[in-house]
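Have a look at the structure below and turn it around a few times. We'll walk through it piece by piece, starting with strands and ending with side chains.

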Amino acid sequence: MIAFSGVNKWYGDYHAIVDFTAEVAKGEVVVVCGPSGSGKSTLIRTINRLEEIQQGTIRFDGQDVHAPGLNLNQFRSHIGFVFQQFNLFPHLSVLDNLTLAPTTVLKLSATAARERAMQLLDRVGLAHKAAAHPGQLSGGQQQRVAIARALAMSPPAMLFDEPTSALDPEMVGEVLQVMKSLARDGMTMVCVTHEMGFAREVANRVWFMDAGRLVESGTPGDFFQRPKSPRAQKFLSDLRAH
């Protein structure tokens, strides 16, 4: 579904992504972890071209993401993206947040879009909040709405960029539950997260990054119990100590 080949990204002299090559299979859940500043969020944002790359190729469902002439808006409409800061439209109701893109981009009828939106709100446990505005919701509720909004476009894959790091600890679980249910349903997912319990329980594979490089890639069992690289070993021992 997603293939990185020799990807490099610089900000001026700073080499943010270094010779990155890896693949995400259809239906696979990949958790990207690593220390702060290791390039995790930059990497996930290259998949839908929120960040441009200078070298290499990225393919999404066979499509070269950086092909000249790519219709970027149309391409992005196929990729669900959930941000750290929710990014809901504050002046729209929860329901309108979910129906805006399907009606304007996918040209769904208002009735069909509302029906789908209500199904998704029900799925994330928030059908009773359809008429509320984002400012009336808790952080955890806003993030669940953001996930439902991304799903409203029926994307073949979902990207999560630290979806729980802006939340109070008691709200983290409600968002992770929604993500777990997506994984159980076979959604292709790439998740940048510090939630190692989620990685251990849900991921098919863990990518460990450091200084822009993919240092280690393995099953959760291998990564957590038998990390190969000294950098991953230190990262995990620091986590355990914390």
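This is a predicted model: local features need pLDDT of at least 70, side-chain atom pairs count only at pLDDT 80 or more; totals for chains, interfaces and linings use all residues.

**A walk through the fold**

Phe81 has Leu159 in S7 as its bridge partner. These two residues belong to a pair of strands, S6 and S7 (residues 157–161), which pair in the parallel sense over four bridges. Residues are numbered from 1 along each chain as its sequence is written, and side-chain values use heavy atoms, with hydrogens and water left out.

Stay with strand S6 (residues 79–82) for a moment: which way do its residues point? Ile79 and Phe81 point one way, Gly80 and Val82 point the other way, and all are buried. Buried means under 20% relative accessible area, exposed means over 50%, and partly exposed is in between (1.4 Å probe, protein chains only).

Now find the open sheet of four strands, with the order S2-S1-S4-S5 and antiparallel pairing. Its edge strands are S2 (14–24) and S5 (63–64), and each of them pairs on one side only. S5 pairs with strand S4 (residues 55–60) in the antiparallel sense over two bridges, and Asp64 in S5 is the bridge partner of Arg59. Helix H1 (residues 40–47) packs on this sheet, touching S1 (2–11), S2 and S4, and its direction makes about 120° with that of S1. Contact here means heavy atoms within 4.5 Å; for the angle, axes are lines fitted to C-alpha atoms, for helices over the stretch in contact, and angles run from 0 to 180 degrees between N-to-C directions.

Other strands to pick out are S3 (residues 29–33) and S9 (residues 205–210), which run parallel and are joined by four bridges. Val32 stands opposite Trp207 in S9. S9 is also joined to strand S10 (residues 213–218), this time by five bridges and running antiparallel, with Phe208 opposite Glu216 in S10. The hairpin of S9 and S10 has two residues between the strands, and there Ala211 takes a positive phi near 50°.

On to the helices. Leu121 sits in helix H4 and is buried, with a relative accessible area of 0%. What does Leu121 touch, leaving aside its neighbours within four places in sequence? Its contacts are Val94, Leu98, Leu126, Ala127, Ala130, Val145 and Ala148. Thr99, in helix H3, is buried as well, at 11% relative accessibility. Beyond neighbours within four places in sequence, Thr99 is in contact with Ala113, Arg114 and Ala117. In the loop between helix H3 (94–104) and helix H4 (110–123) you'll find Leu108, which counts as partly exposed because its relative accessible area is 33%.

Finally, the charged side chains. A salt bridge is a side-chain nitrogen of Lys or Arg within 4 Å of a carboxyl oxygen of Asp or Glu, and by this rule there are ten salt bridges. One of them joins Lys9 and Glu51 (3.5 Å, N to O). This pair links distant parts of the chain, since Lys9 is in strand S1 and Glu51 is in the loop between H1 and S4, 42 residues apart. Lys9 counts as buried at 5% relative accessibility, and Glu51 counts as buried at 17%. Lys9 and Glu51 also belong to a network of salt bridges that includes Arg45.

Another pair to look for is Lys180 and Glu201, whose closest N and O atoms are 3.1 Å apart. Here too distant parts of the chain are linked: Lys180 is in helix H6 (residues 169–184) and Glu201 in helix H7 (residues 196–202), 21 residues apart.

Terms used: Two strands pair if DSSP finds at least two bridges between them.
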